[in-house]
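The sequence and structure are shown first.

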Amino acid sequence: MLKKPKKIREVYADHAATTYIDSRVFLAMKPYLTEHFGNPSSLYGIGRIANGVLNDSRRKIAGLIHALPENIIFTGSGTESDNMAVFGIARVNEKHGKHIISTSIEHHAVLHPLEELRKQGWEITYISTNKQGVVKAEDVIRAVRPDTVLITIMYANNEVGSIQPVAEIGRKLLQLRKETSKPYPFFHTDACQAAGYLDLDVEKLHVDLMTINAGKIYGPKGIGMLYVRRAVALKPIIFGGGQERKMRSGTENVAGIVGLAKAFELVQQNRQKESERIRGLAKYFWELIQKEIPKVKLNGPEIGDGRLANNLNITIMDIEGEAMLLYLDEYGIMCSTGSACTSESLEPSYVLRAMGLPYEYAHGSLRFSFGRCNSKNDVDYIMEYLPGIIKTLREISPVNLSARIHARYK
Ligand SMILES: *Cc1c(COP(=O)(O)O)cnc(C)c1O
(Lines give C-alpha, C1' and ligand atoms only; values in the text may rest on other atoms or scores of the structure.)
Protein backbone atom coordinates (compact mmCIF):
# COMPACT_ATOMS: atom_id res chain seq x y z
CA MET A 1 0.00 0.00 0.00
CA LEU A 2 1.05 3.58 -0.48
CA LYS A 3 2.83 5.33 2.31
CA LYS A 4 1.94 8.88 3.19
CA PRO A 5 4.90 11.23 3.01
CA LYS A 6 6.21 12.55 6.32
CA LYS A 7 5.63 16.07 5.25
CA ILE A 8 3.12 16.82 2.55
CA ARG A 9 4.09 19.52 0.14
CA GLU A 10 1.69 21.46 -1.99
CA VAL A 11 2.34 21.29 -5.69
CA TYR A 12 0.00 23.41 -7.73
CA ALA A 13 0.06 22.16 -11.32
CA ASP A 14 -3.29 23.47 -12.53
CA HIS A 15 -2.39 26.92 -13.86
CA ALA A 16 -4.66 26.44 -16.88
CA ALA A 17 -7.61 26.42 -14.47
CA THR A 18 -6.52 29.60 -12.74
CA THR A 19 -3.44 31.24 -11.24
CA TYR A 20 -2.64 33.00 -7.99
CA ILE A 21 -2.21 36.78 -8.19
CA ASP A 22 1.35 38.01 -8.73
CA SER A 23 2.31 40.18 -5.75
CA ARG A 24 3.26 43.06 -8.08
CA VAL A 25 -0.20 42.84 -9.61
CA PHE A 26 -1.82 42.85 -6.19
CA LEU A 27 0.20 45.89 -5.12
CA ALA A 28 -0.81 47.74 -8.28
CA MET A 29 -4.47 46.96 -7.62
CA LYS A 30 -4.58 47.70 -3.92
CA PRO A 31 -4.93 51.52 -3.99
CA TYR A 32 -7.96 51.19 -6.24
CA LEU A 33 -9.68 48.91 -3.77
CA THR A 34 -8.97 51.27 -0.88
CA GLU A 35 -8.17 54.97 -1.04
CA HIS A 36 -8.84 55.55 -4.75
CA PHE A 37 -12.19 53.83 -4.73
CA GLY A 38 -13.98 56.43 -6.84
CA ASN A 39 -16.34 55.77 -9.68
CA PRO A 40 -14.57 56.66 -12.95
CA SER A 41 -17.69 58.53 -14.05
CA SER A 42 -17.58 60.90 -11.05
CA LEU A 43 -16.14 64.33 -11.61
CA TYR A 44 -14.39 64.92 -8.27
CA GLY A 45 -10.83 63.95 -7.41
CA ILE A 46 -11.03 60.22 -6.65
CA GLY A 47 -13.34 59.73 -9.64
CA ARG A 48 -10.83 61.45 -11.89
CA ILE A 49 -8.04 59.32 -10.47
CA ALA A 50 -10.03 56.18 -11.24
CA ASN A 51 -10.80 57.42 -14.72
CA GLY A 52 -7.14 58.27 -15.27
CA VAL A 53 -5.90 54.82 -14.33
CA LEU A 54 -8.62 53.27 -16.48
CA ASN A 55 -7.28 55.15 -19.48
CA ASP A 56 -3.69 54.26 -18.60
CA SER A 57 -4.59 50.57 -18.36
CA ARG A 58 -6.41 50.66 -21.66
CA ARG A 59 -3.42 52.33 -23.33
CA LYS A 60 -1.01 49.84 -21.83
CA ILE A 61 -3.00 46.81 -23.00
CA ALA A 62 -3.57 48.32 -26.45
CA GLY A 63 0.18 48.80 -26.80
CA LEU A 64 0.86 45.19 -25.89
CA ILE A 65 -1.43 43.81 -28.59
CA HIS A 66 -0.67 46.50 -31.21
CA ALA A 67 -4.14 48.01 -31.08
CA LEU A 68 -5.67 51.39 -30.25
CA PRO A 69 -7.06 52.12 -26.77
CA GLU A 70 -10.56 52.54 -28.20
CA ASN A 71 -10.39 48.95 -29.49
CA ILE A 72 -10.42 47.57 -25.94
CA ILE A 73 -13.67 46.78 -24.13
CA PHE A 74 -13.34 45.66 -20.53
CA THR A 75 -15.72 42.92 -19.46
CA GLY A 76 -16.45 40.79 -16.41
CA SER A 77 -14.62 37.61 -17.57
CA GLY A 78 -13.29 35.59 -20.45
CA THR A 79 -16.71 33.98 -20.65
CA GLU A 80 -18.42 37.34 -21.03
CA SER A 81 -15.98 38.41 -23.74
CA ASP A 82 -16.62 35.20 -25.68
CA ASN A 83 -20.39 35.65 -25.28
CA MET A 84 -20.10 39.24 -26.42
CA ALA A 85 -18.12 38.26 -29.51
CA VAL A 86 -20.64 35.59 -30.50
CA PHE A 87 -23.94 37.26 -29.61
CA GLY A 88 -22.71 40.79 -30.30
CA ILE A 89 -21.74 39.88 -33.86
CA ALA A 90 -24.79 37.70 -34.40
CA ARG A 91 -27.29 40.36 -33.35
CA VAL A 92 -26.12 43.10 -35.63
CA ASN A 93 -25.12 41.05 -38.66
CA GLU A 94 -27.91 38.52 -39.04
CA LYS A 95 -29.34 40.28 -42.06
CA HIS A 96 -26.12 39.36 -43.88
CA GLY A 97 -26.29 35.71 -42.99
CA LYS A 98 -26.80 33.27 -40.15
CA HIS A 99 -23.80 30.99 -40.45
CA ILE A 100 -20.85 30.73 -38.06
CA ILE A 101 -17.69 28.62 -38.25
CA SER A 102 -15.93 27.32 -35.15
CA THR A 103 -14.14 24.19 -33.94
CA SER A 104 -15.26 21.23 -31.90
CA ILE A 105 -12.62 21.91 -29.21
CA GLU A 106 -13.56 25.46 -28.16
CA HIS A 107 -14.12 26.36 -24.52
CA HIS A 108 -17.73 26.10 -23.35
CA ALA A 109 -17.80 29.90 -23.19
CA VAL A 110 -17.88 29.78 -26.99
CA LEU A 111 -19.62 26.45 -27.61
CA HIS A 112 -22.65 27.13 -25.44
CA PRO A 113 -23.44 30.57 -26.94
CA LEU A 114 -23.14 28.95 -30.38
CA GLU A 115 -25.55 26.25 -29.26
CA GLU A 116 -28.00 28.97 -28.17
CA LEU A 117 -27.79 30.55 -31.61
CA ARG A 118 -28.32 27.19 -33.26
CA LYS A 119 -31.58 26.85 -31.34
CA GLN A 120 -32.56 30.26 -32.74
CA GLY A 121 -32.08 29.11 -36.30
CA TRP A 122 -28.41 29.78 -36.95
CA GLU A 123 -26.21 27.24 -38.69
CA ILE A 124 -22.90 26.39 -37.09
CA THR A 125 -20.10 24.51 -38.81
CA TYR A 126 -17.65 22.88 -36.39
CA ILE A 127 -14.31 22.21 -38.03
CA SER A 128 -12.78 19.02 -36.72
CA THR A 129 -9.19 18.80 -35.62
CA ASN A 130 -6.52 16.26 -36.39
CA LYS A 131 -5.44 13.72 -33.76
CA GLN A 132 -3.24 16.34 -32.13
CA GLY A 133 -6.14 18.76 -31.65
CA VAL A 134 -5.21 21.22 -34.38
CA VAL A 135 -7.47 22.53 -37.17
CA LYS A 136 -6.19 23.12 -40.67
CA ALA A 137 -6.43 26.68 -42.00
CA GLU A 138 -7.57 25.40 -45.40
CA ASP A 139 -10.44 23.47 -43.80
CA VAL A 140 -11.62 26.65 -42.11
CA ILE A 141 -11.43 28.72 -45.28
CA ARG A 142 -13.13 26.01 -47.32
CA ALA A 143 -16.12 26.13 -44.94
CA VAL A 144 -16.76 29.84 -45.58
CA ARG A 145 -20.08 30.50 -47.32
CA PRO A 146 -21.64 33.71 -48.63
CA ASP A 147 -23.74 33.84 -45.45
CA THR A 148 -20.88 33.28 -42.96
CA VAL A 149 -20.65 36.28 -40.65
CA LEU A 150 -18.27 35.00 -37.95
CA ILE A 151 -15.39 32.59 -37.50
CA THR A 152 -14.41 31.92 -33.89
CA ILE A 153 -11.35 29.78 -33.21
CA MET A 154 -9.35 29.63 -30.02
CA TYR A 155 -5.65 30.51 -30.13
CA ALA A 156 -4.60 27.68 -27.82
CA ASN A 157 -6.66 24.90 -26.32
CA ASN A 158 -7.08 24.76 -22.54
CA GLU A 159 -7.01 20.98 -22.23
CA VAL A 160 -4.28 19.78 -24.54
CA GLY A 161 -2.43 23.04 -25.26
CA SER A 162 -2.71 22.69 -29.03
CA ILE A 163 -1.97 25.99 -30.79
CA GLN A 164 -4.24 26.78 -33.71
CA PRO A 165 -2.99 28.40 -36.94
CA VAL A 166 -4.73 31.69 -36.15
CA ALA A 167 -2.35 33.95 -38.09
CA GLU A 168 -2.59 31.72 -41.15
CA ILE A 169 -6.39 31.67 -41.02
CA GLY A 170 -6.37 35.45 -40.54
CA ARG A 171 -4.12 35.98 -43.56
CA LYS A 172 -6.23 33.75 -45.77
CA LEU A 173 -9.42 35.49 -44.63
CA LEU A 174 -7.95 38.86 -45.45
CA GLN A 175 -7.30 37.64 -48.97
CA LEU A 176 -10.78 36.16 -49.25
CA ARG A 177 -12.44 39.37 -48.09
CA LYS A 178 -10.40 41.33 -50.58
CA GLU A 179 -11.61 39.06 -53.37
CA THR A 180 -15.26 39.30 -52.35
CA SER A 181 -15.02 42.99 -51.29
CA LYS A 182 -17.07 42.15 -48.20
CA PRO A 183 -16.19 42.73 -44.57
CA TYR A 184 -17.39 39.20 -43.71
CA PRO A 185 -16.70 36.89 -42.07
CA PHE A 186 -15.34 38.56 -38.95
CA PHE A 187 -12.69 36.60 -37.10
CA HIS A 188 -12.63 36.15 -33.31
CA THR A 189 -10.06 34.27 -31.27
CA ASP A 190 -10.26 33.22 -27.64
CA ALA A 191 -6.72 33.84 -26.38
CA CYS A 192 -7.27 33.19 -22.66
CA GLN A 193 -4.78 30.33 -22.53
CA ALA A 194 -2.38 31.87 -25.01
CA ALA A 195 -1.94 35.23 -23.29
CA GLY A 196 0.86 34.08 -21.01
CA TYR A 197 2.96 32.36 -23.63
CA LEU A 198 2.28 33.63 -27.16
CA ASP A 199 2.53 36.86 -29.10
CA LEU A 200 -0.90 38.50 -29.18
CA ASP A 201 -0.15 41.17 -31.78
CA VAL A 202 -3.53 41.54 -33.49
CA GLU A 203 -1.90 42.91 -36.65
CA LYS A 204 0.20 39.79 -37.03
CA LEU A 205 -2.71 37.51 -36.15
CA HIS A 206 -5.13 39.39 -38.44
CA VAL A 207 -7.98 38.94 -35.99
CA ASP A 208 -10.97 41.27 -35.67
CA LEU A 209 -11.87 40.30 -32.12
CA MET A 210 -9.85 38.72 -29.33
CA THR A 211 -10.74 37.56 -25.83
CA ILE A 212 -8.32 37.74 -22.90
CA ASN A 213 -8.89 37.33 -19.16
CA ALA A 214 -6.71 37.99 -16.13
CA GLY A 215 -7.32 34.90 -14.02
CA LYS A 216 -5.04 32.72 -16.15
CA ILE A 217 -2.10 35.12 -16.21
CA TYR A 218 -1.49 35.82 -12.51
CA GLY A 219 -4.16 38.51 -12.39
CA PRO A 220 -7.51 38.57 -10.57
CA LYS A 221 -10.50 36.47 -11.56
CA GLY A 222 -13.66 38.12 -12.79
CA ILE A 223 -12.09 40.53 -15.26
CA GLY A 224 -11.69 40.17 -19.00
CA MET A 225 -11.48 42.18 -22.16
CA LEU A 226 -12.50 41.99 -25.76
CA TYR A 227 -10.41 43.55 -28.48
CA VAL A 228 -12.66 44.78 -31.28
CA ARG A 229 -11.25 46.20 -34.50
CA ARG A 230 -12.85 49.47 -35.46
CA ALA A 231 -14.70 48.37 -38.57
CA VAL A 232 -16.43 45.49 -36.82
CA ALA A 233 -20.18 45.81 -36.36
CA LEU A 234 -20.90 44.68 -32.82
CA LYS A 235 -23.83 45.18 -30.45
CA PRO A 236 -23.59 45.22 -26.67
CA ILE A 237 -25.08 42.35 -24.70
CA ILE A 238 -25.28 44.26 -21.39
CA PHE A 239 -27.20 47.52 -21.21
CA GLY A 240 -27.33 50.23 -18.57
CA GLY A 241 -25.26 53.28 -17.75
CA GLY A 242 -23.39 53.31 -21.05
CA GLN A 243 -19.83 52.67 -19.83
CA GLU A 244 -17.14 51.43 -22.24
CA ARG A 245 -18.46 53.63 -25.05
CA LYS A 246 -21.91 52.14 -24.52
CA MET A 247 -20.54 48.69 -25.37
CA ARG A 248 -20.53 47.27 -21.83
CA SER A 249 -22.54 48.97 -19.15
CA GLY A 250 -21.79 48.69 -15.46
CA THR A 251 -19.41 50.55 -13.17
CA GLU A 252 -15.93 49.61 -14.27
CA ASN A 253 -14.02 47.13 -12.12
CA VAL A 254 -11.16 49.60 -11.78
CA ALA A 255 -8.91 47.49 -9.56
CA GLY A 256 -9.55 44.45 -11.75
CA ILE A 257 -8.70 46.40 -14.87
CA VAL A 258 -5.48 47.69 -13.29
CA GLY A 259 -4.72 44.08 -12.34
CA LEU A 260 -5.40 42.81 -15.86
CA ALA A 261 -3.13 45.45 -17.39
CA LYS A 262 -0.30 44.80 -14.93
CA ALA A 263 -0.59 41.02 -15.16
CA PHE A 264 -0.67 41.09 -18.95
CA GLU A 265 2.33 43.42 -19.10
CA LEU A 266 4.35 41.15 -16.79
CA VAL A 267 3.60 37.88 -18.59
CA GLN A 268 4.23 39.38 -21.99
CA GLN A 269 7.55 40.88 -20.90
CA ASN A 270 8.81 37.54 -19.73
CA ARG A 271 6.97 35.14 -21.98
CA GLN A 272 9.85 33.82 -24.06
CA LYS A 273 12.13 33.06 -21.17
CA GLU A 274 9.34 31.61 -19.07
CA SER A 275 8.05 29.49 -21.97
CA GLU A 276 11.45 27.95 -22.37
CA ARG A 277 11.81 27.24 -18.67
CA ILE A 278 8.34 25.75 -18.33
CA ARG A 279 8.58 23.72 -21.52
CA GLY A 280 11.78 22.26 -20.04
CA LEU A 281 9.82 21.19 -16.96
CA ALA A 282 7.04 19.58 -19.00
CA LYS A 283 9.61 17.76 -21.07
CA TYR A 284 11.53 16.56 -18.03
CA PHE A 285 8.26 15.34 -16.48
CA TRP A 286 7.11 13.53 -19.60
CA GLU A 287 10.47 11.78 -19.98
CA LEU A 288 10.29 10.54 -16.38
CA ILE A 289 6.70 9.39 -16.84
CA GLN A 290 7.58 7.36 -19.91
CA LYS A 291 10.51 5.80 -18.10
CA GLU A 292 8.65 4.88 -14.92
CA ILE A 293 5.00 4.31 -15.83
CA PRO A 294 3.86 1.68 -18.29
CA LYS A 295 0.99 2.26 -20.73
CA VAL A 296 0.91 6.04 -20.92
CA LYS A 297 0.28 8.29 -23.85
CA LEU A 298 0.70 12.00 -24.59
CA ASN A 299 -2.46 13.79 -25.74
CA GLY A 300 -2.13 16.77 -28.07
CA PRO A 301 0.86 17.96 -30.08
CA GLU A 302 4.42 16.91 -29.29
CA ILE A 303 6.18 19.06 -26.73
CA GLY A 304 7.52 21.92 -28.84
CA ASP A 305 6.37 25.00 -30.76
CA GLY A 306 2.94 23.57 -31.58
CA ARG A 307 1.99 23.19 -27.94
CA LEU A 308 1.53 25.65 -25.09
CA ALA A 309 4.66 25.48 -22.97
CA ASN A 310 2.84 24.85 -19.70
CA ASN A 311 0.59 21.97 -20.74
CA LEU A 312 1.12 18.27 -20.27
CA ASN A 313 -1.97 16.15 -20.93
CA ILE A 314 -1.49 12.41 -20.65
CA THR A 315 -3.62 9.31 -20.68
CA ILE A 316 -2.85 6.62 -18.18
CA MET A 317 -4.49 3.48 -19.45
CA ASP A 318 -6.84 1.39 -17.29
CA ILE A 319 -7.38 4.11 -14.72
CA GLU A 320 -10.09 6.70 -14.19
CA GLY A 321 -8.77 10.23 -14.09
CA GLU A 322 -11.04 11.18 -11.16
CA ALA A 323 -9.65 8.43 -8.93
CA MET A 324 -6.13 9.63 -9.66
CA LEU A 325 -7.03 13.22 -8.85
CA LEU A 326 -8.29 12.23 -5.42
CA TYR A 327 -5.18 10.23 -4.65
CA LEU A 328 -2.89 13.00 -5.86
CA ASP A 329 -4.80 15.46 -3.71
CA GLU A 330 -3.93 13.34 -0.68
CA TYR A 331 -0.31 14.15 -1.42
CA GLY A 332 -0.94 17.84 -2.00
CA ILE A 333 -0.67 17.55 -5.76
CA MET A 334 -3.20 19.61 -7.70
CA CYS A 335 -3.92 18.95 -11.35
CA SER A 336 -7.04 18.18 -13.36
CA THR A 337 -8.78 15.70 -15.55
CA GLY A 338 -10.81 16.88 -18.48
CA SER A 339 -11.09 20.54 -17.67
CA ALA A 340 -12.08 22.26 -14.45
CA CYS A 341 -15.53 22.94 -15.81
CA THR A 342 -16.25 19.39 -16.92
CA SER A 343 -14.61 17.36 -14.19
CA GLU A 344 -17.75 17.32 -12.05
CA SER A 345 -19.43 15.08 -14.54
CA LEU A 346 -17.99 11.68 -15.20
CA GLU A 347 -18.25 12.14 -18.93
CA PRO A 348 -14.89 11.90 -20.63
CA SER A 349 -13.45 15.11 -22.02
CA TYR A 350 -15.26 16.34 -25.14
CA VAL A 351 -11.99 17.78 -26.38
CA LEU A 352 -10.22 14.42 -26.31
CA ARG A 353 -13.26 12.79 -27.86
CA ALA A 354 -13.33 15.41 -30.62
CA MET A 355 -9.68 14.61 -31.30
CA GLY A 356 -10.76 11.07 -32.04
CA LEU A 357 -9.59 9.40 -28.84
CA PRO A 358 -11.68 6.38 -27.81
CA TYR A 359 -13.66 6.62 -24.56
CA GLU A 360 -11.25 4.51 -22.58
CA TYR A 361 -8.38 6.81 -23.53
CA ALA A 362 -10.30 9.97 -22.79
CA HIS A 363 -11.23 8.61 -19.38
CA GLY A 364 -7.81 8.20 -17.88
CA SER A 365 -6.56 11.63 -18.85
CA LEU A 366 -4.68 13.94 -16.53
CA ARG A 367 -3.78 17.53 -17.27
CA PHE A 368 -0.80 19.05 -15.55
CA SER A 369 -0.35 22.75 -16.28
CA PHE A 370 2.76 24.29 -14.84
CA GLY A 371 3.40 27.88 -13.92
CA ARG A 372 5.69 30.33 -12.22
CA CYS A 373 5.77 28.58 -8.88
CA ASN A 374 6.85 25.23 -10.30
CA SER A 375 10.38 23.90 -10.41
CA LYS A 376 12.11 20.58 -11.05
CA ASN A 377 11.65 19.80 -7.37
CA ASP A 378 7.90 19.77 -7.90
CA VAL A 379 8.19 17.33 -10.76
CA ASP A 380 10.45 15.13 -8.65
CA TYR A 381 7.94 15.26 -5.81
CA ILE A 382 5.08 14.25 -8.13
CA MET A 383 7.19 11.42 -9.50
CA GLU A 384 7.84 10.15 -5.99
CA TYR A 385 4.14 9.27 -5.71
CA LEU A 386 2.52 9.13 -9.13
CA PRO A 387 3.94 5.74 -10.22
CA GLY A 388 2.88 4.17 -6.90
CA ILE A 389 -0.60 5.63 -7.06
CA ILE A 390 -1.06 4.30 -10.55
CA LYS A 391 0.23 0.88 -9.60
CA THR A 392 -2.15 0.74 -6.64
CA LEU A 393 -5.13 1.88 -8.70
CA ARG A 394 -4.36 -0.65 -11.36
CA GLU A 395 -4.20 -3.37 -8.73
CA ILE A 396 -7.50 -2.48 -7.06
CA SER A 397 -9.34 -2.50 -10.34
CA PRO A 398 -8.07 -5.80 -11.69
CA VAL A 399 -10.96 -6.28 -14.07
CA ASN A 400 -10.24 -4.67 -17.36
CA LEU A 401 -11.37 -1.12 -16.73
CA SER A 402 -11.10 -0.12 -20.39
CA ALA A 403 -13.61 -2.76 -21.29
CA ARG A 404 -15.95 -1.60 -18.52
CA ILE A 405 -15.71 2.02 -19.53
CA HIS A 406 -16.20 1.10 -23.12
CA ALA A 407 -19.27 -0.95 -22.26
CA ARG A 408 -20.75 1.96 -20.30
CA TYR A 409 -20.82 4.13 -23.39
CA LYS A 410 -21.90 1.52 -25.90
C1 LIG B 1 -10.75 30.09 -18.63
C2 LIG B 1 -11.13 30.22 -20.05
C3 LIG B 1 -12.28 30.91 -20.43
C4 LIG B 1 -13.25 31.49 -19.42
O5 LIG B 1 -12.71 32.57 -18.74
P6 LIG B 1 -13.39 33.10 -17.37
O7 LIG B 1 -12.64 34.36 -17.08
O8 LIG B 1 -13.17 32.03 -16.37
O9 LIG B 1 -14.81 33.34 -17.64
C10 LIG B 1 -12.58 31.01 -21.76
N11 LIG B 1 -11.79 30.45 -22.69
C12 LIG B 1 -10.67 29.77 -22.37
C13 LIG B 1 -9.83 29.19 -23.44
C14 LIG B 1 -10.31 29.64 -21.04
O15 LIG B 1 -9.23 28.95 -20.73
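## Salt bridges

Arg248 and Glu80 form a salt bridge, with their closest N and O atoms 2.7 Å apart. Arg248 is in the loop between β8 (224–228) and α8 (254–269), while Glu80 belongs to helix α3 (residues 78–93), so the pair ties together parts that are 168 residues apart in sequence. The model is a predicted one. Over the whole structure, a search finds 23 salt bridges. Between domain 1 and domain 2, however, the count of salt bridges is zero.

## Domain layout

The protein chain is split into two parts: domain 1 covers 11–20 + 271–409, and domain 2 covers 23–269. In this division, domain 1 is made of two segments of the chain and domain 2 of one. A distance of 29 Å separates the C-alpha centres of domain 1 and domain 2. To the contact, domain 1 contributes 35 residues and domain 2 contributes 37 residues.

## The interface between the domains

About 2800 Å² of area is buried between domain 1 and domain 2, and carbon and sulfur atoms give 52% of that area. On the side of domain 1, the residues that lose the most area to domain 2 are Arg271, Leu308 and Arg372, which together account for 28% of what that side buries.

Which elements give two or more residues to the side of domain 1 that touches domain 2? They are α9 (271–292), β10 (311–316) and α11 (350–354). The most comes from α11, with four residues. By type, the residues of the side of domain 1 that touches domain 2 comprise 14 nonpolar, 16 polar and five charged.

## Ligand surroundings

The residues around the ligand are Ser77, Gly78, Thr79, Asp82, His107, Met154, Asn158, Asp190, Cys192, Gln193, Asn213 and Lys216. For Asp190, a polar side-chain atom is placed 2.6 Å from a nitrogen atom of the ligand.

## Backbone features

Most residues other than glycine have a negative phi, and most peptide bonds are trans. The peptide bond from Tyr184 to Pro185 is cis, with omega near -10°. Pro185 sits in the loop between α6 (166–180) and β6 (186–190).

Where does Glu244 lie? Glu244 is in the loop between β8 and α8, and Arg248 is also placed in the loop between β8 and α8. Although Glu244 is not a glycine, its phi is positive, at about 50°.

Conventions
Residues numbered from 1 in each chain as written. Predicted model: local features only at pLDDT ≥ 70, side-chain atom pairs only at ≥ 80, totals over all residues. Heavy atoms only, no water. Domains from an automatic or database assignment. Contact = heavy atoms within 4.5 Å. Buried area = accessible area lost by both parts, 1.4 Å probe. Salt bridge = Lys/Arg side-chain N within 4 Å of Asp/Glu carboxyl O. Nonpolar A, V, L, I, M, F, W, Y, C, P; charged D, E, K, R; others polar. Near = heavy atom within 4 Å. Polar contact = N/O pair within 3.5 Å; in protein donor to acceptor, adjacent residues only side chain to side chain.
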